[in-house]
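Work through the exercises below with the sequence and the structure open. Try each task before reading its solution.

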Amino acid sequence: MREFKIYTCGKMSGISLEKQMGWRCYIESLIKEKYDGYDKIKFIHPPLYYNYEHASHHTDREILDWEMMQLHDCDIVIVDLDGIDTTIGSHIELGAVQGINRFGDKYIFVIGVGDKDGLHPWIKEACNRIESSYMSAAKYIAEYLLV
């Protein structure tokens, strides 16, 4: 069984570390619950490495490069659509994935979670699939992508 790397993308600035991590830990637990080989999944939650409450970085470029490296190395991106219109970092991450998918040597599947009404068309297009709940996203990922 192959190993999978899942990157969680979503708003970080202006919200607490607890809120940044809440949805990430929740969807990780749902996926592990639904997928038998959960020990073969590595979750990359950016706030665990770099966040705005406990600055461990020396430059913003350091964070950007680290996140681009992690994105390039992942198989799946889960993007929380709540607040997506106010997070430039998530937009850049989705754009980077689109670049990798179109011009790189691999393909990364993007699952959006949340309400798709009112989303910018390019955000919708950046997602291969949008699910309305974490539960349905976890089910889809476990049944269709972790194969």
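**Exercise 1.** Which strands does helix α5 lie across, and at what angle does α5 run to β4?

Solution. Start with the naming: helices (H or I, at least four residues) and strands (E, at least two) are DSSP runs, numbered from the N terminus. Helix α5 covers residues 134-145 and lies across β1, β3, β4 and β5. Its direction makes about 160 degrees with that of β4. Axes here are lines fitted to C-alpha atoms, for helices over the stretch in contact, and angles run from 0 to 180 degrees between N-to-C directions.

The model is a predicted one, in which local features need pLDDT of at least 70 and side-chain atom pairs count only at pLDDT 80 or more, while totals for chains, interfaces and linings use all residues. Residues are numbered from 1 along each chain as its sequence is written, and side-chain values use heavy atoms, with hydrogens and water left out.

**Exercise 2.** Find the order of the strands in the sheet, and its edge strands.

Solution. Step one: five strands form an open sheet, in the order β2-β1-β3-β4-β5, with parallel pairing. Step two: β2 (41-44) and β5 (129-131) are the edge strands, each pairing on one side only. Step three: from one strand to the next, the twist averages 25 degrees. Two strands count as paired if DSSP finds at least two bridges between them. Strand β4 (residues 109-113) is joined to β5 by three bridges, and I111 stands opposite R129 in β5. Helix α3 also packs on the sheet, touching β1 (4-9), β3 (76-80) and β4, and its direction makes about 145 degrees with that of β1.

**Exercise 3.** How many residues has the largest nonpolar core, and which element supplies the largest share?

Solution. A nonpolar core is a set of buried Ala, Val, Leu, Ile, Met, Phe, Trp, Tyr and Cys residues joined through side-chain atoms within 4.5 Å. Buried means under 20% relative accessible area, exposed over 50%, and partly exposed in between (1.4 Å probe, protein chains only). The largest core has 23 residues, and Y7, V77, V79, L94 and V110 have the most contacts inside it. At least two residues each come from β1, α2 (60-73), β3, α3 and α4 (121-126). The largest share, four residues, is that of α3. Apart from this core lies another, of 20 residues, including F43, V113, A142 and L146. In soluble globular proteins, nonpolar side chains tend to be buried together.

**Exercise 4.** Is H45 buried or exposed, and which side chain does its own side chain meet in a polar contact?

Solution. H45 lies in the loop between β2 and α2. Its relative accessible area is 3%, so H45 is buried. Contact means heavy atoms within 4.5 Å; beyond four places in sequence, H45 touches T8, M21, R24 and E28. The side chain of H45 makes a polar contact with that of E28 (2.6 Å). A polar contact is a pair of N or O atoms within 3.5 Å; within protein, one must be able to donate a hydrogen and the other to accept it, and residues adjacent in sequence count only if both atoms are side-chain atoms.

**Exercise 5.** Describe the place and the surroundings of K32.

Solution. K32 is in helix α1 (residues 17-34). Its relative accessible area is 29%, so K32 is partly exposed. The side chain of K32 makes a polar contact with the side chain of E28 (2.8 Å). Leaving aside neighbours within four places in sequence, K32 is in contact with Y38 and F43.
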